[in-house]
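User: I would like to go through some of the labels used for this structure. For each one, please set the value against its cut-off.

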Amino acid sequence: MINPLYRNKMIIKEMQQEFKRSHVLKLENFYISPEKIEKKIKKIKFHREYIPTEYSFEKGNILPIDEKELKNFLSLFFKKEGKITIKKYGHKDYTLLSDKEKKKIGVCIIDFTKGWKKEAGGYTSFIKKNEERVRVYPKYNTCTLIETRNKRSFVKYVNCLSKKKRVIIEGTV
């Protein structure tokens with residue numbers, strides 16, 4: 001369940017204004033009980049998605065959250081419902097910038113990774129006109145919304161310093 005603070009109408013209005021102004025919104029303590037979601041994540045079967053010239057990561061076959069609740073939340077910012085997936089990034093995983101990347105108006109990244117080290121890579125970077133505009137570092141139970149018009153993104157190669165896997169729920173609109 002999403003934190004009731006982020007469902008308060010006054011707070012939603014403030015969040016929408018900030019998002020419209022900055023095109024990025026970071027919401028900490030996004031879920032009330034992230035531990036329950038973590039337990040569900042451990043039961044999910046993940047399969048490798050791999051095209052060497054584009055990406056390498058694991059993708060889950062089911063979601064550990066209320067998908068409708070998250071889609072409704074995303075529609076407050078993007079005015080559309082999106083597609084929700086769960087992914088894992090471990091050592092040697094990455095995504096590359098690509099001209100084939102589907103056009104999106106927004107992305108939501110909810111992180112379920114405790115204690116990730118920045119030196120391990122694995123962050124998500126958003127590029128516009130060959131310049132990095134937003135970098136999202138893994139932070140536990142944090143939802144980051146990014147307006148992505150005219151931006152492309154990649155996940156930095158996860159190097160040997162990663163001692164665990166980065167787990168994210170990603171919404172794309």
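User: Where is K68 placed, and what makes it count as buried or exposed?

Analyst: In this predicted model, K68 sits in helix α3. Its relative accessibility is 59%, and exposed means over 50%, so K68 counts as exposed. The C-alpha atoms of K68 and E49 are separated by 25 Å, and these two residues are 19 residues apart along the chain.

User: Why is the pair of F19 and F77 called edge-to-face?

Analyst: The structure holds 10 aromatic pairs. In the pair of F19 and F77, the ring centres are 5.7 Å apart, and centres within 6.5 Å make a pair. The planes stand at 80 degrees; over 60 counts as edge-to-face, so that is the label for F19 and F77.

User: Which parts does the pair of F19 and F77 tie together?

Analyst: F19 lies in helix α1 and F77 in helix α3, so the pair joins parts that are 58 residues apart in sequence. F19 has 7% relative accessibility and F77 has 10%. Buried means under 20%, so F19 is buried and F77 is buried.

User: What makes Y55 and F57 a tilted pair?

Analyst: The angle between the planes of Y55 and F57 is 40 degrees. Stacked needs under 30 degrees and edge-to-face over 60, which means that this pair is tilted. The distance is 5.3 Å centre to centre. Y55 is partly exposed at 21%, whereas F57 is buried at 7%.

User: How do you know that K114 and E38 form a salt bridge?

Analyst: The N to O distance between the side chains of K114 and E38 is 3.8 Å. The cut-off is within 4 Å, so the pair qualifies as a salt bridge. K114 lies in the loop between β6 and β7 and E38 in helix α2, so the pair ties together parts that are 76 residues apart in sequence. With 45% relative accessible area, K114 is partly exposed; at 18%, E38 counts as buried.

User: What is the distance between the closest N and O atoms of E58 and K165, and which parts do they tie together?

Analyst: The closest N and O atoms of E58 and K165 are 2.3 Å apart, and the two residues form a salt bridge. E58 is in strand β3 and K165 in the loop between β10 and β11, so the bridge ties together parts that are 107 residues apart in sequence. E58 is buried at 12%, while K165 is partly exposed at 39%. A search of the whole structure finds 14 salt bridges.

User: Which residues gather in the patch of positive charge on the surface?

Analyst: The patch is formed by K36, K39, K40, K42 and K43. One of them, K36, is found in helix α2. K36 has a relative accessible area of 58%; exposed means over 50%, so K36 is exposed.

How values were computed
Residues are numbered from 1 along each chain as its sequence is written. This is a predicted model: local features need pLDDT of at least 70, side-chain atom pairs count only at pLDDT 80 or more; totals for chains, interfaces and linings use all residues. Side-chain values use heavy atoms; hydrogens and water are left out. Patches are made of residues with over 30% relative accessible area and no salt bridge: like charges are joined within 9 Å, nonpolar side chains (Val, Leu, Ile, Met, Phe, Trp, Tyr) within 5 Å. Accessible areas come from the Shrake-Rupley method with a 1.4 Å probe; for residues, only the protein chains shown count as cover. Lys and Arg count as positive and Asp and Glu as negative; His and the chain ends are not counted. The place of a charge is taken as NZ of Lys, CZ of Arg, CG of Asp or CD of Glu. Helices (H or I, at least four residues) and strands (E, at least two) are DSSP runs, numbered from the N terminus. Buried means under 20% relative accessible area, exposed over 50%, partly exposed in between (1.4 Å probe, protein chains only). Rings of Phe, Tyr and Trp (its six-membered ring) pair if their centres lie within 6.5 Å; planes under 30 degrees apart count as stacked, over 60 as edge-to-face and the rest as tilted.
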